Amino acid sequence: MKVALLGASGFIGSGLLAELRSRGHQVTALVANPGKLAPGDGLTVLAADVLDSGRLAAQLAGHDAVISAFSGHAQQDVRGYYMRGVDAIIAAVAQAGVPRLLMVGGAGSLNVAPGVQLVDTPDFPEQWKGSALGARDALERLRGEPALDWTMLSPAALIEPGERTGRFRVGGDDLLVDAEGNSRISLQDYAVAMIDELEHPAHARQRFCVAY
């Protein structure tokens, strides 16, 4: 499959890139700083500005799917910058005629109680609130799209480098926790879940989540 990966040099993007390449997909890595990645067999690296939807559409054309691991973590206005990027990405995907968009989501918009999302709980880390709210905004934006074939995958509350086990639980809009009340997933297994969805679509126009 020919896949365009936005944010391929970032934390989650790098995990997705490794999983895509291990499965033999042809990947176009679209990054702000192409010097961070070396082109190789099955990997093309392009400099991209997600806010330039016209240029981005030209780069996306001809791909079977787009996976967005774009984030605004390095920006002062994380939430605002992220949403401008999401809007531009959605417009570019539509203009390019790419049939599918898969997007990295956040855990903050997952329900922890009736009417309560993780991002709204008192102990949610302030440093991640901007990106969590941006991801929630993006989910609402996708849900309002009349025709786009989109999927968003939210991780567990804790995602960190670890083992690729291929064993995890898949859920919907509720935060998944283990028997001890912890919610976690390795970056590697998150990537497995995302690329499984790419290869075997099961959540068209839905958000789903993954955790141990």
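Predicted model: local features only at pLDDT ≥ 70, side-chain atom pairs only at ≥ 80, totals over all residues.
**View A. R164 meets E19 in a salt bridge.** The closest N and O atoms sit 2.7 Å apart; a salt bridge here is a side-chain nitrogen of Lys or Arg within 4 Å of a carboxyl oxygen of Asp or Glu. R164 is in the loop between strand 9 (158-160) and strand 10 (169-171), while E19 belongs to helix 1 (residues 11-22), so the pair ties together parts 145 residues apart in sequence. (Helices, H or I with at least four residues, and strands, E with at least two, are DSSP runs numbered from the N terminus.) E19 is buried, at 5% relative accessible area, whereas R164 counts as partly exposed at 47%. Buried means under 20% relative accessible area, exposed over 50%, and partly exposed in between (1.4 Å probe, protein chains only).

**View B. Helix 3 and helix 4 are linked by the R79–D137 salt bridge.** The closest N and O atoms of R79 and D137 are 2.7 Å apart. R79 comes from helix 3 and D137 from helix 4 (residues 129-143), 58 residues apart. Both count as partly exposed, R79 at 35% relative accessibility and D137 at 23%.

**View C. D87 and R141 also pair up in a salt bridge.** The N to O distance is 2.7 Å. D87 is in helix 3 and R141 in helix 4, 54 residues apart. D87 is partly exposed at 32% relative accessibility, and R141 is partly exposed at 27%. The structure holds 12 salt bridges.

**View D. Helix 2 (residues 53-60) crosses helix 3 (residues 78-96) at roughly 50 degrees.** Their axes come within 8 Å; axes are lines fitted to C-alpha atoms, for helices over the stretch in contact, and angles run from 0 to 180 degrees between N-to-C directions. Contact residues (heavy atoms within 4.5 Å) include L56 and L60 of helix 2 and I89 and V93 of helix 3.

**View E. R205 has a positive phi, near 55 degrees, and is not a glycine.** R205 is found in the loop between helix 5 (187-199) and strand 12 (206-211). At 35% relative accessibility, R205 counts as partly exposed.

Conventions:
Residues numbered from 1 in each chain as written. Heavy atoms only, no water.
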